[in-house]
Amino acid sequence: MHKSRSAPTVSDIFRLNNMRRNHRLSVLHSNRRNAGFTLLEVLVALVIIGTALGASLRAVGSLTQNSADLRAAMMATWSAENQLTQIRLAHVWPPLGQSRFDCNQGELHLICEENVYTTPNPYFRRVEVSVFDGENPDRRIIKLNQVVPNA
């Protein structure tokens, strides 16, 4: 024979409703807790982002400095090539010795130093043009050499 179920009592219904409500609240509370970030997680993320930004700023600063150095080297090369071209086109036998003169390129202050040396062949001379930074005269940026025939 089957046992018949008795109708739920008021206390059973109250207990069941209470259990359902507690379950819904715990689900809502756990979802709310997992939906955001803790203060520690936000701080760690800010430290990581700050470190990455600092490294990228340092890299940009280095690129800017390298760009300025490359620009100075290019301008110094042009100054030295200009001087050697003037000697070559003048068809003049350059006198032995050393001379210094300004060879500015735009806003960049440069100092050129020209040295003329003898060669083993008496019909040729070696001309050496060095370009120095005008702000730091001990810093040679470039040095070019050329052999010039007797005109």
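Tutor: A disulfide is a pair of cysteine sulfur atoms within 2.5 Å. The model in view is predicted, so local features need pLDDT of at least 70 and side-chain atom pairs pLDDT 80 or more, whereas totals for chains, interfaces and linings use all residues. Residues are numbered from 1 along each chain as its sequence is written, and side-chain values use heavy atoms, without hydrogens or water.

Student: Which cysteines form a disulfide here?

Tutor: A search of the whole structure finds one disulfide. It links Cys103 and Cys112, whose sulfur atoms lie 2.0 Å apart. The link is right-handed, with 95 degrees about the S-S bond.

Student: Is Cys112 buried or exposed?

Tutor: Buried means under 20% relative accessible area, exposed over 50%, and partly exposed in between, with a 1.4 Å probe and protein chains only. Cys112 has 0% and is therefore buried; Cys103, at 11%, also counts as buried.

Student: What is the order of the strands in the sheet?

Tutor: Strands (E, at least two residues) and helices (H or I, at least four) are DSSP runs numbered from the N terminus, and two strands pair if DSSP finds at least two bridges between them. Here four strands form an open sheet in the order E1-E2-E3-E4, with antiparallel pairing. E1 (97-102) and E4 (140-149) each have a single partner strand, so one side of each lacks a neighbour in the sheet. From one strand to the next, the twist averages 15 degrees. Six bridges join E1 to E2 (residues 110-118), and Phe101 has Cys112 in E2 as its bridge partner.

Student: Which helix packs on the sheet?

Tutor: Contact means heavy atoms within 4.5 Å. Axes are lines fitted to C-alpha atoms, for helices over the stretch in contact, and angles between N-to-C directions run from 0 to 180 degrees. Helix H2 (residues 39-90) touches E1, E2, E3 (124-133) and E4, and its direction makes about 20 degrees with that of E4. The buried residues of H2 include Ala72, Ala76, Leu84 and Ile87, and their cover includes E1, E2, E3 and E4. Just after H2, His91 takes a positive phi of about 50 degrees.

Student: How many residues does the largest nonpolar core have?

Tutor: Such a core is a set of buried Ala, Val, Leu, Ile, Met, Phe, Trp, Tyr and Cys residues joined through side-chain atoms within 4.5 Å. The largest has 17 residues; Ala76, Cys103 and Val127 are among those with the most contacts inside it. H2, E2, E3 and E4 each give two or more residues to this core, and the largest share, six residues, comes from H2. Beyond its neighbours within four places in sequence, Val127 has contacts including Leu84, Ile87, Val116 and Leu144.
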